[in-house]
Amino acid sequence: MIRFTPGGISRAELARQMYLTRSAISTIIDDLKRQGLVDEIETGPTTGGRRPILLAINPRYGYIVGIDMGATHLGIVLTDFSAHVLEEIEYPFSVTDGPQSCLSQIDGYLAELLSKSKLNISQISAIGMDVPGPIVAEAGEVSSPPIMPGWDGYPIRTHLEELWQVPVTIGNDAEMGALGEWAYGAGRGESNLAYIKVGTGVGAGLLLDGHIYRGTSGCAGEIGHITIQENGPLCTCGNHGCLEAMAGGQAIARKAREAIEAGRRTQLSAISPDRIHAVNVAAQQIITDAGVHLGIAIASLVNLFNPSMVVIGGGVSQLGDLLLEPIRKTVMDRSLHSAAKVVRITSAVLGRRASSMGAVVQAINISLDHLIDV
Ligand SMILES: [Zn+2]
């Protein structure tokens, strides 16, 4: 509760929200203060009455690293223990290079980030990493990931823990996006939230009743492989007409190339106002179509899970309202009124950082678990 209350929280408020007595809270807080995990912070002047003492996480308690391994990009953030970003890098990346090459590239980029910050790896408390595929959480590996050829069953967490000698936690990118937006973004305080990551692939992270829902084998939320068109384009998973094959980043890029080709074949001369107008109209139509297809799948998700918020993130979501408006309209049209009227559909506040910040949340969690074990 201290971690996720921006600006700090008082002992009285903690006692009230946790149904504990003031003295029980004081005992726990004294312990956490002794360990250096919790700080008392100064509050601004109040008009009359006693100035409340607020509690916050001590940012200097440790350093945390969050790694977002996308299909085509890699982002790494370094934060303090209260999850403030101190340093950040982003590079193009290709997950199809396979585990050995990819993990060694990540090791190199992390070394670069740490040297920029004048830190070494032994000063890092924990590292969280997300990957674009279904995760077997206990094993820290991916299982049959459609857009990660060569990674099936590879022991990612063991590999990295042996390499870095630091606790590592591995998560799915959309789940980490949900966690990041819930902790520090658009979804603060929501207990039923879906985060839809629209990047090269399309996936959903589900936070239900305040907990990440992963399903029996980590496959919950694979919304990208819902069938939208029975005989549609071939998907990376082997089926036809999946959402990902119709509205994912690669599908949008393919349609854009086709539209440009078609434009070339028309009689519109090289660069005329007519040609530019035609290209713009075609581009808008491609994005609107992607929004409608996403909306159809999200309407089903809204009917199934009745969330209060759907957050749209991932690279493609940077198209903003051009993509969001057709999604909103389609969800309103196609989901049950009683579910549609309570759901807010918004873009990720953390933008491209959503997943890496979720990985930071998870890394702080395991770091605290280690603290309890001691
Ligand atoms: Zn598929």
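**Aromatic pairs, a sheet, a helix and a zinc site**

Y61 has a relative accessibility of 26%, so Y61 counts as partly exposed (buried is under 20% relative accessible area, exposed over 50%, partly exposed in between, with a 1.4 Å probe and protein chains only). This is a predicted model, in which local features need pLDDT of at least 70, side-chain atom pairs count only at pLDDT 80 or more, and totals for chains, interfaces and linings use all residues. Residues are numbered from 1 along each chain as its sequence is written, and side-chain values use heavy atoms, with hydrogens and water left out.

F81, at 2% relative accessibility, counts as buried. Y61 and F81 form an edge-to-face aromatic pair, 4.9 Å centre to centre with 65° between the planes (rings of Phe, Tyr and Trp, the last by its six-membered ring, pair if their centres lie within 6.5 Å; planes under 30 degrees apart count as stacked, over 60 as edge-to-face and the rest as tilted). Y61 lies in the loop between β3 and β4 (63–69) and F81 in the loop between β5 (73–79) and β6 (85–92), so the pair ties together parts 20 residues apart in sequence. Helices (H or I, at least four residues) and strands (E, at least two) are DSSP runs, numbered from the N terminus.

By this rule there are four aromatic pairs. In one of them, F4 and Y184 have ring centres 6.2 Å apart and planes at 50°, so the pair is tilted. F4 lies in the segment before β1 and Y184 in helix α5 (residues 173–184), so this pair joins parts 180 residues apart in sequence. F4, W182 and Y184 form one aromatic cluster.

β3 also belongs to an open sheet of three strands, ordered β1-β3-β2 with antiparallel pairing (two strands pair if DSSP finds at least two bridges between them). Its edge strands, β1 (9–10) and β2 (38–41), each pair on one side only. Four bridges join β2 to β3 (residues 54–57), and V38 has I57 as its bridge partner in β3.

The zinc ion has H225 (ND1), C235 (SG), C237 (SG) and C242 (SG) as protein donors, 2.0 to 2.4 Å from it (donors are N, O and S atoms within 2.8 Å of the metal, or 3.2 Å for Na, K and Ca; water is not among the atoms, so sites may look incomplete). The angles among the four donor atoms are 105 to 124°, and the site is tetrahedral (four donors count as tetrahedral if all angles lie between 85 and 135 degrees). C235 is buried at 7% relative accessibility, whereas C237 is partly exposed at 34%.

Definitions and conventions. Tetrahedral: all angles 85-135°; square planar, octahedral: opposite > 155°, others 65-115°.
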